[in-house]
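Subject: Structure for your review

Dear colleague,

Please find below the structure that I am handing over to you. My notes on it follow directly after.

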Amino acid sequence: MAAVAIERVGAVAVVVIDNPPVNAASHAVRLGLLDAVAEIDGDPAITAAVVIGAGTTFVAGADIREFGKPLQEPQLPRVLDAIAVCSKPFVAALHGAALGGGFELALGCDARVASPGTIVGLPEVSLGIIPGAGGTQHVPRLVGRIAAIEMICAAKRIAADKALAMGLIDAVAEGDLRSAAVAHAAGMKAKRRLRDLPVPAEDAAAIEAAAQAALKAGRKRPQVQAAIDAVKLSAELPYAAAMVREREIFQQLRNGPEAAALRHLFFAEREAAKVPGMEGAKSREVRRVAVIGAGTMGAGIAMCFIEAGLPVTLVEAEGAALERGMARIRKEYERSVASGKLDAAELERRIARLAPTTELASVKDADLVIEAVFEDMAIKKELFAKLDALAKPGALLATNTSYLDVDEIASATGRPEDVLGLHFFSPANVMRLLEVVRADKTAPEVLATAMAVAKKIRKLPVVARVGDGFIGNRIWGAYRQQTDFMVEDGALPQEVDAAIEGFGFAMGPFAVSDLAGLDIAFRNRRRLDATRDPRARYFEVSDQLCELKRYGQKSGAGWYRYAEGARRGQPDPEVTALVEKASAAKGIRRRAFTAEEIRWRALATMANEAAQLLDEGVAMRASDVDLVLVNGYGFPRHEGGPLFWAARQDPARLGQVLDEIAQSTGHGFRRGDVARWAKKG
Ligand code: 3HC
């Protein structure tokens, strides 16, 4: 089947792009388009043309799989030039997604007609690049530089009705798209090339303000700055010169390390959805959800579902705690209403989907029950035994545990095949990551259902096997331990945090502990006391801080001291004194650590723990681990995750740092096969 074919409807040529699954503008598509334009140009019987996608979508973008490889001519701008010089008008008929190069192709046509529900946009910055086929030049001509900066820098995906209101498309076709586009094309008497339009005049200060806001929201990443520069060029250079410059910037970024990291994450997300053993499994219908526990986690989880339109039974043992949970949810939405992100009617619709109750028996109507109660095995097992008796046959029974053995929890029921872990991250309604824990007996259709539900609530599900802390918390634990040891050996918490933040994490490990609350990790350590090898190195200062009631931000002091209401702490001499005392008590001669050394130790520790998880089969793929760290733990996206990072380092140096980590950790240190898992792909 040719990637591009021409059909005829009267005097209108319909150019059909057929490159499943998303009609990406691959080399074959570009070649096919060039041929099609030449044929249309040369055929006097044709007066106009429509470009349309076969299947479920228009062109979803350039073929990302071609990036990182040598360029193959013709590139997309040449296709656009061919359309522009062709004497006949071209109409882009959009459905599904018209993104990146796909939307740029549409902008290179003389008009755009879309089906309702189509999304358009230029998401290139999320791939570490800028639009490379005229997006930064055509969009400002249609909507102005300010709107172009806002749209391109935030990688916005815009629905057809909004795109029409903005002027990005010309019409929304309610009926058959192809017929509507053909009629539109037949009615066009002349070309309407965007390149011939002037860029509207706008206030320079307002453009600058939009640029600064976009840069801040885009964490000052280089591609965001480059996109702003390219948009500004639309009013500074003649069209052709600006196009050349856009292309140069695009190509430079395309070949850079950040684009490689973001591409890796793009494909990692798609890969994570594929679960071996789940092929052919039919997912069950989930129409109603029950969440047990109305604390911070339970309330956040309930919000994920009501936001996706699903009714939720929210169960809490005590009436007062239930009311607090309901109030927490309402307050959170009221904040969104106050900031204009949500309308008041939608708030009420969401709240109306919640059925609060103190009766556990109310879970009987739910197709999915998620437990978010206290992190204690005995409590969870007792609850699951009750759920086994109360929940309807075929209901999924999920635990939100962050560490505990899901097999053991499942053993409290007579239906372990229906039990799994759904580990949400806090705040559950905001964080995209969802660890889906596949217990020994979890049925494939239960797993398939969980993956489908995750998609419905717009989460990023990553499957893990049972193991203390699953993927994320296990790596985080190793990393926290190593950063603690560096402090005991001579670094100060604020030095470690600065080094880690310098790498791109939003917060260093000690600031994160203060934010999360030191008591949580304290309780977890007490859980592990019974099984901890007394020969293992142990850093006492974390416990001492809790004994001093320094629980972090919530108590005004933790690793840092916090002024009333402040979110950023100040280094505290009291902590320094505790740390120095702890080192002295063990006879450790404190020494200075460079930021570079701190970073290497921390990152190599993550990679080492990740490799162990893969060796053990807790994680399925290296890319899954990278996704977890990036989406749940603040690992900088532009570094691609710990194993992507490790694959790009000098193996000899990595080995040497792992030796140092082995020495600093001492008894019980285990080495993962980092070389096996950290491969440049
Ligand atoms: N290139 C190559 N493959 C792509 C692709 C692309 N642009 N977009 C999607 N795919 C592949 C996916 O990898 C996946 O492959 P797999 O089945 O082998 O895993 C398959 O298409 C289906 O993708 P999804 O699972 O994401 O399908 P959905 O239906 O959930 O979503 C979508 C469809 C909204 C189109 C989504 O895939 C998407 O957002 N794609 C990326 C769009 C994008 O970023 N485009 C810009 C590219 S850069 C560019 O165009 C540069 C230009 O300026 C020159």
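This is a predicted model: local features need pLDDT of at least 70, side-chain atom pairs count only at pLDDT 80 or more; totals for chains, interfaces and linings use all residues.

The most is given by H10, which provides three residues. The ligand has 27 residues around it, and those that come nearest are Gly101, Glu104, Glu124, Arg270 and Lys274. Sorted by class, the shell is made up of 15 nonpolar, eight charged and four polar residues.

Which protein atoms lie 2.7 Å or 2.8 Å from an oxygen atom of the ligand? A polar backbone atom of Gly101 is 2.7 Å from an oxygen atom of the ligand. For Ala62, a backbone N or O atom lies 2.8 Å from a ligand oxygen atom. In the case of Arg157, an N or O atom in the side chain is 2.8 Å from an oxygen atom of the ligand. Taken alone, the ligand exposes 1000 Å², of which the protein buries 77%.

Is Gly101 buried or exposed? Its relative accessible area is 5%, and Gly101 therefore counts as buried, the limit being under 20%. Leaving aside neighbours within four places in sequence, Gly101 is in contact with Gly61, Ala62, Leu76 and Glu124. Ala214, by comparison, is 113 residues from Gly101 in sequence and 22 Å from it in space, C-alpha to C-alpha.

Six strands form an open sheet in the order E1-E2-E3-E4-E6-E9, and the pairing is mixed. Strand E1 (4-9) and strand E9 (171-172) stand at the edges; each has a single partner strand, so one side of each is left without a neighbour in the sheet. E1 pairs with strand E2 (residues 12-17) in the antiparallel sense, over six bridges. Within this region, Val9 stands opposite Val12 in E2.

Where are the cis peptide bonds? One runs from Pro20 to Pro21, with omega near 5°, and Pro21 is found in the loop between E2 and helix H1 (27-42). Another runs from Ser426 to Pro427, with omega near -10°; Pro427 lies in the loop between strand E15 (419-424) and strand E16 (433-438).

Positive phi values in residues other than glycine occur at Lys220, near 55°, and at Lys549, near 60°. Lys220 is found in the loop between helix H7 (204-217) and helix H8 (222-236). Its relative accessible area is 64%, so Lys220 is exposed, the limit being over 50%. Lys549 lies in the loop between helix H21 (541-547) and strand E18 (560-561), and at 56% relative accessibility this residue likewise counts as exposed.

With kind regards

Key. Residues are numbered from 1 along each chain as its sequence is written. Side-chain values use heavy atoms; hydrogens and water are left out. A residue is near a molecule or strand if one of its heavy atoms lies within 4 Å of it. A polar contact is a pair of N or O atoms within 3.5 Å; within protein, one must be able to donate a hydrogen and the other to accept it, and residues adjacent in sequence count only if both atoms are side-chain atoms. Accessible areas come from the Shrake-Rupley method with a 1.4 Å probe; for residues, only the protein chains shown count as cover. Helices (H or I, at least four residues) and strands (E, at least two) are DSSP runs, numbered from the N terminus. Ala, Val, Leu, Ile, Met, Phe, Trp, Tyr, Cys and Pro count as nonpolar, Asp, Glu, Lys and Arg as charged, and the others, Gly among them, as polar. Two strands pair if DSSP finds at least two bridges between them. Buried means under 20% relative accessible area, exposed over 50%, partly exposed in between (1.4 Å probe, protein chains only). Contact means heavy atoms within 4.5 Å.
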